[in-house]
Amino acid sequence: MPLKDLKIRPIEWVDERMSLRWLDTRLLPWQEVYRETRDYRRVARAIVDMEIRGAPAIGVAAAYAMALAALHPEPRSVDELYSRLERARKELASTRPTAYNLFWALDRVWKRFVQELGRSSDPVKLAHAVLDEAKRIHAEDVETNIRIGREGAKLIEDGDTVLTHCNAGALATAGYGTALGIIRAAVEEGKRVTVIATETRPLLQGARLTVWELKKEGIPVKLVTDNMVGYLMARGLVDKVVVGADRITRDGYVANKIGTYVIAVLAARHGVPFYVAAPTSTFDLNLEGPNIPIEERAPDEVRTVLGRLRITLDDVEVLNPAFDVTPPELVTAIVTERGIIRPPYAQTIPKVVGSGRGA
Ligand code: MRU
């Protein structure tokens, strides 16, 4: 699907101004505000502050941020371009530590740059090669999501109620989405699907973003608070769980939004299939076991509701891990653009993801 045909385009490259434009997801669902910049540091800030969020979207934005660093101001020498890209890569890599697509995209852009260095000594041409790679990553992400959707839709039956957590939709990717891509594809095939969206404290990605996306497309959605999941499953009101991922290890440990692990435990307890949807760029084949780096965010995210309403004492100590890790034995299957991966993951993941990626 060409980028211009997407219903929701959270990230756009603006050729006329050689700038990056994105939808500020912090303000949804109340306001649809687009931001635009030619400054890669502004993109880094947008990632830290979660104007842009969701692992694949972070990867695409970081790739474009490298292009901005390369293009503005016009580089006068290869040395200058090299050190500018080296610095930008470092700064961008420190924005959000769990999302593997960030590191994957930065590596891919860097590798392309180094490859082009062997072919050209024109710094402007080299900067444009960096932009070209970012555009490829962007376009591929949409194609990847559509393939994930098509594969994952095979798991969804007509009449299913599917629970999802956080937002793994168009707003978390270049468009279409991973977990919500599966739901979109199932609906496009004519299946009737109802979605249960968990609100996803502390930053309410489910209540704000998943609900906004699904409502926009007329897909039936019911919002619940995070602590209602056990009751709903015990009552038989959830047929399947589909969530996204921030990082998946080579043996199938899945880091995703805090609260995912609780849902996976409950799903196992109640015999509800628990599916993870992710592009192969989310797999960290260098890592095994549960020790995935987990981002700890500012305490005020927990002490307040979106910074607007204080819900506790100002000086209470807070824990705010942004992600948790679900062990492979709780994951029924992982849907990728290369097909559905099933246990035993330590064998199946390297086979499916390792081929053609040189990890
Ligand atoms: O903190 P966030 O909002 O960036 O967390 C996002 C998630 O946990 C998503 O499920 C994950 O990045 C996959 S998005 C396709």
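Student: Which residue forms a salt bridge with Glu32?

Tutor: A salt bridge is a side-chain nitrogen of Lys or Arg within 4 Å of a carboxyl oxygen of Asp or Glu. In this predicted model, where local features need pLDDT of at least 70, side-chain atom pairs count only at pLDDT 80 or more, and totals for chains, interfaces and linings use all residues, Lys216 pairs with Glu32, their closest N and O atoms being 3.7 Å apart. Residues are numbered from 1 along each chain as its sequence is written, and side-chain values use heavy atoms, with hydrogens and water left out.

Student: Where do the domains lie in the chain, and how many salt bridges are counted between them?

Tutor: Domain bounds come from an automatic or database domain assignment; here domain 1 covers 3-146 and domain 2 covers 154-355. Two salt bridges are counted between domain 1 and domain 2.

Student: How many residues does each domain give to the contact?

Tutor: Contact means heavy atoms within 4.5 Å. Domain 1 contributes 35 residues and domain 2 contributes 40 residues.

Student: What area do domain 1 and domain 2 bury between them?

Tutor: Buried area is the accessible area (1.4 Å probe) that two parts lose on being put together, summed over both. For domain 1 and domain 2 this is about 3100 Å², with 58% of it on carbon and sulfur atoms. Ile8, Thr98 and Tyr100 supply 22% of the area that domain 1 buries against domain 2, more than any other three residues.
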